[in-house]
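Visitor: I have the sequence and the model open. Where should I start reading?

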Amino acid sequence: MGAALWPLLLVSLTETAGRIPGYFMSYIIFKIFLFPTAFAKNFATIVVTRFIGGGASSVAINLVGGSISDVWRGDHARSVPMSLFGFTSVAGIALGPFIGDVIQTIHSSDRDLDSPWRWIFYVQIIVNGAFGSSVLDVILAKRARALRKKTSRPIYALSECDKSPLLDRLKVSFGRPAKMLLTESVVASFTLWISFAWGILFLFFSSVVTTYQTAYNFSLFQTGLVELAITVGAVVGTAVNPAADELYLRSKVRNKEVKGKPIPEARLYTAVPGSLLFTSGLFWFGWTCRPERKKELTLLKLHDRFTGLFPTIGIAIVGIGIYSIYMAVVDYSSSTITVTDSYEKYAASALSAASLGRNVFGAFLPLAAYELFTQLGYGWAGSLLGFIGFALSCIPVVLILYGRQIRKRSPFIERGEVEQ
């Protein structure tokens, strides 16, 4: 929940204050609260410190899309950075549980302050580094101040002409992403789409350990390897993404709206099969992960490790789909008409609006995992999630067919185009 609420309030502030304060403040808060988490004496302390520290770290994560928008201007330049950002976002979340499992496997101790779970936070304290960034408005403001000092002339950047009080800026910072979420159909639909995918991502992490340990006799380390299947899917998605970029760039010859520019909805061509892969992966996982068939598989003399491979393939397929959906959300369209590009001036706000729904689903959907799989069984639970994923697959299809009309009704896109 911290990851959902903190960016909504603070990220869009960086569009006028600069990314550097956002990166450093969020990093410092995150770093400070690693210590009380690592040395916590009770569960309540862990919950509170993770809400604050984890929420602060999510601010920095949500700034990356805006930073890419600031540094790489234009269709072609942004493709590779966004692709790599999408990979690290999906693969990094899968690497976290794996590294945690490795730490707990190689370090065992009965002493409280030397407990394996505490070392997960000790390692973070040791290895975390700092970041830096830039925002065009802030750079221009610094140059204007330097020129005023050097020439004594009244030279001001546009951003210096509107210096609102901090409280007013906080209201705008919270209100802009919320307004986008409620009034921008593109942001609202993509938020629902990525939120469900993100919820599934965390649902897997909450159920894989129990499922594979009880059904397939996997060790903690081996379940961590299963969780890396999401990373494998992200690698495949990243490898295919250049082809998606090529399809997008080639569409400019068919663009009758803005000649010479790629068709905005061409970003979604590969998102449609990606979304269907996401859906099929859920069905695959549900109907191949069958703990109740363990006795049958034993009679067939199939080794637990071998039979556990089948649902793991399904998880990897889901990983490809999640990467595809995530890239569609952060990189939809071009030339000032995408979730990052169409809201180029307000990229961080658009992404923090999507982050709100994404992290709310990520926090709460895993809580339903036990009841879902227990009551419905893995087959029908996977089918239920698959049917929901299939229904949400209509979002990119609708945008491909009617995106142009939808974009014309967007006040944020119109404002961004005028400012460009």
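Guide: Start with the secondary structure. The protein has 19 helices and zero strands. Keep in mind that this is a predicted model.

Visitor: How much of the protein is buried?

Guide: Of the 420 residues, 50% are buried. The accessible surface comes to about 19900 Å². Carbon and sulfur atoms hold 69% of that surface.

Visitor: What share of the contacts links residues 24 or more positions apart?

Guide: Take the contacts with a separation of 6 or more. Residues 24 or more positions apart account for 79% of them.

Visitor: Which residues of helix 11 and helix 15 meet?

Guide: Helix 11 brings A229, I230, G233, A234, V236, G237, T238 and N241. Helix 15 brings T312, I315, A316, G319, I320, Y323 and M327.

Visitor: At what angle do helix 9 and helix 12 cross?

Guide: Roughly 25°, and their axes come within 12 Å. Angles under 35 degrees count as roughly parallel. Helix 9 and helix 12 are therefore roughly parallel to each other. Helix 9 passes helix 12 in a left-handed crossing. On helix 9, the contact is made by W193, F196, A197, I200, F204, Y212 and Y216. On helix 12, the partners are A271, S275, F278, L282, F285 and T288.

Visitor: How does helix 9 pack with helix 18?

Guide: Helix 9 covers residues 185-216 and helix 18 covers residues 394-408. The angle is about 170°, with the axes 12 Å apart. That makes helix 9 roughly antiparallel to helix 18. S185, V186, S189, F190 and W193 of helix 9 meet I395, P396, L399 and I406 of helix 18. Note W193: this residue also takes part in the contact with helix 12.

Visitor: Now single residues. Is Y332 buried or exposed?

Guide: Check the relative accessibility. Buried means under 20%. Y332 is at 1%, so Y332 counts as buried. Now look across the chain. Y332 and P396 are 64 residues apart in sequence, and their C-alpha atoms are separated by 9.9 Å.

Visitor: Where does T105 lie?

Guide: T105 lies in helix 5, residues 75-106. With a relative accessible area of 41%, T105 is partly exposed.

Visitor: Which residues does T105 contact, beyond its neighbours within four places in sequence?

Guide: L220 and F221. Both numbers fall in the range of helix 10, residues 220-227. S219 gives a C-alpha distance as well: T105 and S219 are separated by 9.1 Å, although 114 residues apart along the chain.

How values were computed
Residues numbered from 1 in each chain as written. Predicted model: local features only at pLDDT ≥ 70, side-chain atom pairs only at ≥ 80, totals over all residues. Heavy atoms only, no water. Helix = DSSP H or I, 4+ residues; strand = E, 2+ residues; numbered from the N terminus. Buried < 20%, exposed > 50% of the residue type's maximum accessible area, 1.4 Å probe, protein only. Contact = heavy atoms within 4.5 Å. Areas by Shrake-Rupley, 256 points an atom, 1.4 Å probe, with all protein chains shown as cover. Axes fitted to C-alpha atoms, helices over the stretch in contact; angles between N-to-C directions. Parallel < 35°, antiparallel > 145°, perpendicular 65-115°, else oblique. Left-handed = near helix turned anticlockwise from the far one by under 90°.
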